[in-house]
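User: I am new to this structure and would like to learn how to read it. Can we take the features in turn?

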Amino acid sequence: MSNANTLKPKRPPLYTPEERARRDASRWTLVQGILAPLQFVVFLISLYFVLYFLATGEGYLAATISIVIKTLILYTIMVTGAIWEKEVFGHYLFAKAFFWEDFVSMFVILLHTVYMASLIWKFLTPEEQMWVALAAYAIYVINAAQFLYKLRLARLSAQAEDEAAAAARAANPEPVK
């Protein structure tokens, strides 16, 4: 009977050893690690205000301010994330390891930008603006899940690499001098 693990094709590691070293050395890794949870907290607060407005017709200003703050954090995390990708992978967006995350991020940015444009040029009603924000938030949740999945893959890959290196050292101990 064959082992189920032998039937699955082996997934290449998310990072090469060089990319992993660049990721670990980059100050932008810490910036992303701070901005991502901050953005999620702001998202949850904003989601409450948006849903409250849609349910009651009250609280438009609070919902609007929260969406603007969420959008500004999104723009910041996208710019700093692009810089991070440049440092780690050599180009600003659509690195092979994060292609689909970046692809979905473009739709998140597009909808947030449509929302911001609707505030400036007033081409949507307040209710329509909130529905655009909700659509942006739905795609944001999908995008956040993509990044969390990649973070988990990166941790598992690093753990497997570390275990393999430890096993290799144990199998071939250096001679005592």
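**Reading the cores and helices**

Analyst: Let us begin with the largest nonpolar core, which has 21 residues. Val50, Ile67, Leu74, Tyr115, Met130 and Tyr137 touch the most other members. Keep in mind that this is a predicted model.

User: Which elements give two or more residues to this core?

Analyst: They are H3, H4, helix H5 (99-121) and helix H6 (126-171). The largest share, seven residues, comes from H6.

User: Why look for nonpolar side chains together?

Analyst: The general idea is that, in soluble globular proteins, nonpolar side chains tend to be buried together. Now take one core member in this structure. Leaving aside neighbours within four places in sequence, Val50 is in contact with Ala63, Ile67, Met130, Leu134 and Tyr137. There is also a second, separate core, with ten residues. Tyr15, Trp28, Phe98 and Ala154 are among them.

User: Where does Tyr15 lie?

Analyst: Tyr15 is in the loop between helix H1 (4-7) and H2.

User: Is Tyr15 buried or exposed?

Analyst: The cut-off for buried is under 20% relative accessible area. Tyr15 has 8%, so it is buried.

User: What does Tyr15 touch, not counting residues up to four places away in sequence?

Analyst: Tyr15 touches Arg20, Arg23, Trp84, Val88, Phe89, Phe98, Ala154 and Glu161. Tyr15 and Val68 are 53 residues apart along the chain, and their C-alpha atoms are separated by 34 Å.

User: Now the helices. At roughly what angle do the axes of H3 and H4 cross?

Analyst: Helix H3 (residues 27-56) and helix H4 (residues 60-89) cross at roughly 160°. Their axes come within 8 Å. Angles over 145 degrees count as roughly antiparallel. H3 and H4 are therefore roughly antiparallel to each other. The crossing of H3 past H4 is left-handed. By class, their contact has 20 nonpolar, eight polar and two charged residues.

User: At roughly what angle do the axes of H2 and H4 cross?

Analyst: Helix H2 (residues 17-25) and H4 cross at roughly 140°, and their axes come within 8 Å. That makes H2 oblique to H4. Here the crossing is right-handed.

User: Which residues make this contact of H2 with H4?

Analyst: From H2 come Glu19, Arg22 and Arg23. From H4 come Trp84, Glu87, Val88 and Phe89. By class, three are nonpolar, none polar and four charged.

User: Let us turn to the backbone. What is phi of Phe94 near?

Analyst: Phi of Phe94 is near 65°. That is a positive value in a residue other than glycine. Phe94 sits in the loop between H4 and H5.

Terms used. Residues numbered from 1 in each chain as written. Predicted model: local features only at pLDDT ≥ 70, side-chain atom pairs only at ≥ 80, totals over all residues. Heavy atoms only, no water. Axes fitted to C-alpha atoms, helices over the stretch in contact; angles between N-to-C directions. Helix = DSSP H or I, 4+ residues; strand = E, 2+ residues; numbered from the N terminus. Parallel < 35°, antiparallel > 145°, perpendicular 65-115°, else oblique. Left-handed = near helix turned anticlockwise from the far one by under 90°. Nonpolar A, V, L, I, M, F, W, Y, C, P; charged D, E, K, R; others polar. Core = buried A, V, L, I, M, F, W, Y, C linked by side-chain atoms within 4.5 Å. Buried < 20%, exposed > 50% of the residue type's maximum accessible area, 1.4 Å probe, protein only. Contact = heavy atoms within 4.5 Å.
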